[in-house]
Amino acid sequence: MTRESWSERDTFLLGKELGESAEPGDIYLLEGDLGVGKTVFAKGFAEGLGICEPITSPTFTILQEYEEGRLPLYHFDVYRIADVEEMYEIGYEAYFFGEGVCLIEWASQIRDILPDSCCLVRIEKNLEKGFDYRRVTIAPDYGNGGMEL
């Protein structure tokens with residue numbers, strides 16, 4: 001499925017829509033270049049889960065945990081992961097296979113440990129359509145023949 005976003009608000013609302021339908025154990029892989037709107041999407045996703053606290057990109061901490069919504073949100077940014085072994089040190093299995101929802105930015109960094117069933121969300125710019133335009137492609141069964149990361 002492909003959706004068009006013409007503003008930050010559109011990207012936020014798309015994230016919110018997916019957050020509202022998220023279920024325990026869901027894993028969303030968020031891919032896109034720097035500055036494409038992954039954090040805006042994550043803020044909307046969190047609101048869709050009923051999380052009111054400020055959402056920030058966990059670039060330097062790798063993981064931010066938000067427990068106050070209808071489901072816990074585990075927001076990973078694995079851009080700085082040099083070796084997938086670092087994920088074992090974090091104890092990623094408890095998050096991936098727990099009762100919360102995972103949102104993983106730069107998931108291609110940890111491709112080898114991703115479960116078979118994830119939802120890939122790819123956000124892409126197209127400057128020919130405008131500075132704020134984004135194409136958001138959602139592949140609900142990434143691990144089962146979906147898009148490449």
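Predicted model: local features only at pLDDT ≥ 70, side-chain atom pairs only at ≥ 80, totals over all residues.
E17 pairs with R3, the closest N and O atoms being 3.0 Å apart. Since E17 sits in helix α1 and R3 in strand β1 (residues 2-5), the bridge ties together parts 14 residues apart in sequence. E17 is partly exposed at 37% relative accessibility, as is R3 with a relative accessible area of 29%.

E4 and K129 also meet through their side chains, at 3.2 Å from N to O. Here E4 lies in strand β1 and K129 in the loop between β6 and β7, so the pair joins parts that are 125 residues apart in sequence. E4 is partly exposed, with a relative accessible area of 44%, and K129 is partly exposed at 41%.

In soluble globular proteins, nonpolar side chains tend to be buried together. The largest nonpolar core in this model has 23 residues, and Y28, F41, F45, L49, L73, L103 and V121 touch the most other members. The elements giving two or more residues to this core are α1 (8-21), β2 (27-31), α2 (38-48), β5 (101-105), β6 (119-125) and β7 (134-139). Its largest share, 4 residues, comes from α2. Another core, of 22 residues, lies apart from it, with I62, L63, F76 and I113 among its members.

Leaving aside neighbours within four places in sequence, L49 contacts G19, A22, G69, R70, L71, L73 and V101.

Is H75 buried or exposed? With 0% relative accessibility, H75 counts as buried, because the cut-off for buried is under 20%. This histidine is part of strand β4 (residues 73-77).

What does the side chain of H75 make a polar contact with? The partner is the side chain of E105, at 2.6 Å. If residues up to four places away in sequence are not counted, H75 touches A42, I55, T56, S57, P58, I62, L63, Q64, Y66, L103 and E105.

Technical notes
Residues numbered from 1 in each chain as written. Heavy atoms only, no water. Buried < 20%, exposed > 50% of the residue type's maximum accessible area, 1.4 Å probe, protein only. Polar contact = N/O pair within 3.5 Å; in protein donor to acceptor, adjacent residues only side chain to side chain. Contact = heavy atoms within 4.5 Å. Core = buried A, V, L, I, M, F, W, Y, C linked by side-chain atoms within 4.5 Å. Salt bridge = Lys/Arg side-chain N within 4 Å of Asp/Glu carboxyl O.
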